[in-house]
Amino acid sequence: MMQVTLLVNGEERRLSAEPLTPLLDVLRDTLHLTGAKPVCREGFCGACMVLLDGAPAVACLTPVALADGRSVETVEGLGTAETPSPVQRALEEHEAVQCGMCFPGMVVTLTHLTRPGNCAPTRDAVKAGLVGNLCRCTGYERIVDAALAVMEDGR
Amino acid sequence: MQGLAPPPVAVPRTLPEALAALSAAGDGAAPLAGGTWIMRAPIRHEAHAPAYVALGRIAELRRIDVADDEVAIGAAVTHAELAKALSPFSDLAALAAAAAGSANPAVRNAATIGGNLCARGFPAADLVPALLCLDAVVEIAEAAAPAGSRRLPVEAFLADPAATGGGRIVTRIVLKRSGLRSVHVRLPLRKAGDYPVAIVSAAIGVGGGGRVESARIAVGSVEAAPRRWTGLEGAINGERLDPARIAALAASLAPEFSGRDGVEAPGWYRVRVLPTLVGRAIAALAAAA
Ligand SMILES: Cc1cc2nc3c(=O)[nH]c(=O)nc-3n(C[C@@H](O)[C@@H](O)[C@H](O)COP(=O)(O)OP(=O)(O)OC[C@H]3O[C@@H](n4cnc5c(N)ncnc54)[C@H](O)[C@@H]3O)c2cc1C
Ligand code: FES
Ligand code: FES
């Protein structure tokens, strides 16, 4: 076992875990943050996306040992039902959410893409940024619309 | 895996500490870079190494040193960092494109060049054919020789199963600035995000008369391991950068490959698309010239 310190959504969390445990399992099973979803567990689908020191990371393939001492942002830290984040509000306004399975990961990646300097405000750039977020309901166009709307507002 | 203790992970801050940790951990202990290959070992029905030594906190392995005559890339540099750092250099465009186009953004934020080069039994590695066409040199350190690290041309490195393992760490990948233009062309079945069914990387020098003077061409994902296509390199010597003509030469030589069957595509398909990819590579080089 290894002692690990994570800065999860701004709060310092200390825990002990086997060092190769996927960060995803630590978040869900130890910290009870179940927003990140285990779907493919092989880095392809993006349902487990978190921001590690601000950059998108697939939590299913991130050994917790490599997250030690770093900041982890999960979908829980990005907004609440009462106070949704700009990305969450835009997704709702654009009626982008279908079954919702991909959305925790989508919200995390879109939060990164819509922060200043991370993505050009074009359809192609947003789509390239979403290559690792699969939506099985294939609602991509409205998701891209929502992202571009947030980028427009931010300027 | 069942019954074995979960592997410990050491997280050293310096290369000598990492080498010491590797040899202390004993036989079979292995470096852990981005983990994007290692973490999927259970899915491939492979056992984990008995112990791992993480490389991500070692500053010297995360550096890219750019000089006039060469670029030295630390083994723990991520695909995302590499794509960004190499984007200004047209002679290294093959490696920049390989790094920028592989996998997906989150995987590129974690996956390293050293991991791509050292993942065993990985036919579809994008960076490897790019490194073959750029004639890269691989630097390796071991506890017995931490300072005087061994240097091997990438082809010799790939051919030698003992080049990694046994407490060795790839420290840097060194590329000579050739001034030639290079290109990396890949064919995934979706537009992006999945493994390419075939890869062509090429670095080609064109003389005054517009004719090919030197060529290094590498093919990935078609056979079990990436390799140079020396037959085609020789055949295009003296030719103009005419995509159709060179694709036809590639078609006549393609039967020398025996394609591997895989989930994304059968072997014959991987060989069949090669001439088209060669044509695309030549078209890209001609357009840039
Ligand atoms: C969803 C997904 C899509 C992918 N798509 C692509 C793709 O399109 N193209 C592609 O090329 N790859 C792709 N990959 C594979 C990706 O895992 C590798 O490209 C990656 O480069 C491995 O690097 P890593 O740092 O994560 O390696 P790790 O998993 O950390 O290590 C891999 C192996 O290399 C060894 N190793 C690592 N560093 C060193 C070193 N410095 N010295 C000695 N040994 C070392 C380790 O011991 C291990 O055996 C994909 C992966 C995923 C999850
Ligand atoms: S569960 Fe991590 S990418 Fe699919
Ligand atoms: S909304 Fe159903 S998977 Fe995206």
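## The β1–β2 hairpin of chain A

In chain A, β1(A) and β2(A) form a hairpin with two residues between them, and N9(A) in the turn has a positive phi of about 50 degrees. Strands here are DSSP runs (E, at least two residues) and helices are runs of H or I of at least four residues, numbered from the N terminus. This is a predicted model, in which local features need pLDDT of at least 70, side-chain atom pairs count only at pLDDT 80 or more, and totals for chains, interfaces and linings use all residues. Residues are numbered from 1 along each chain as its sequence is written, chains are lettered from A and ligands numbered from 1 in the order in which they are written, and side-chain values use heavy atoms, without hydrogens and water.

## Pairing and faces of β1(A)

Strand β1(A), residues 2-8, pairs with β2(A), residues 11-17, in the antiparallel sense over seven bridges; pairing requires at least two DSSP bridges between two strands. Within this pair, T5(A) stands opposite R14(A). β1(A) also pairs in the parallel sense with β5(A), residues 71-73, over two bridges, and there V8(A) stands opposite V72(A).

In a regular strand the side chains alternate between the two faces of the sheet. The covered face of β1(A) holds M2(A), V4(A), L6(A) and V8(A), while Q3(A), T5(A) and L7(A) lie on the uncovered face.

## Overall form of chain B

Chain B has eleven helices and twelve strands. Its C-alpha atoms fill a box of roughly 60 × 45 × 30 Å along the principal axes. Because a compact globule of 289 residues would have a radius of gyration near 19 Å, the 19 Å of chain B agrees with that form; the radius is taken over C-alpha atoms, and the globule rule is 2.2 Å times the number of residues to the power 0.38.

Technical notes:
Buried means under 20% relative accessible area, exposed over 50%, partly exposed in between (1.4 Å probe, protein chains only).
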